[in-house]
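Please find below a short note on the structure under review.

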Amino acid sequence: MAELMPTEIHFGHVTYTVHTDATEINTDEPIGQGQVGASFHQLRAIWVLTEGMTLEQQQNTLLHEVLHCCVNVSGLQVPGKGPDETEEVYISAISTPLHGVLIDNPELHAWLVQGYPQRHMMGMTE
Ligand SMILES: [Zn+2]
């Protein structure tokens, strides 16, 4: 049973849509050469490149973008969004190890989410 990439991600009362086709996102913001994901906070949208990417790369990218969205939704003003600037450096440093922690510790994930009602599971397959 394979899970599909979620089409929506909830950050409290804020919902971002998730897209694998960047043309679905109505933005003039350019996607950089070599870029594999992006968050469009004004539009509450996330883009993840899937073509030519392994499942692990896609998972990593989506988690990375989720962390950007967490920063944005928190209202924290972090200087610099460029590749070598603060937010990107920290999120890049955290996202891959965090993905590894979630993979290596399924009991941690299960414990963290226990006791909460399940949201409607969009995109799940039987
Ligand atoms: Zn980033």
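1. Of the eight residues of helix 3 (residues 106-113), zero are buried, so this helix lies largely in the open. Here a residue is buried if 20 or more other C-beta atoms lie within 10 Å of its own, exposed if 12 or fewer and partly exposed in between, with C-beta atoms placed from the backbone. Helices (H or I, at least four residues) and strands (E, at least two) are DSSP runs numbered from the N terminus. G115, which follows helix 3, has a positive phi, near 85 degrees.

2. The model is a predicted one: local features need pLDDT of at least 70, side-chain atom pairs count only at pLDDT 80 or more, and totals for chains, interfaces and linings use all residues. Residues are numbered from 1 along each chain as its sequence is written.

3. The largest nonpolar core consists of eight residues: Y16, A38, A45, I46, W47, V48, L62 and V66. Such a core is a set of buried Ala, Val, Leu, Ile, Met, Phe, Trp, Tyr and Cys residues joined through C-beta atoms within 7 Å. Strand 4 (45-48) and helix 1 (55-74) each give two or more residues to this core, and strand 4 gives the most, with four.

4. In strand 4, A45 and W47 point one way while I46 and V48 point the other, and all are buried.

5. Strands pair if DSSP finds at least two bridges between them. Strand 2 (residues 14-19) runs parallel to strand 4, joined by three bridges; H19 has W47 as its bridge partner. Strand 3 (residues 37-40) runs antiparallel to strand 4, with four bridges, and A38 stands opposite W47.
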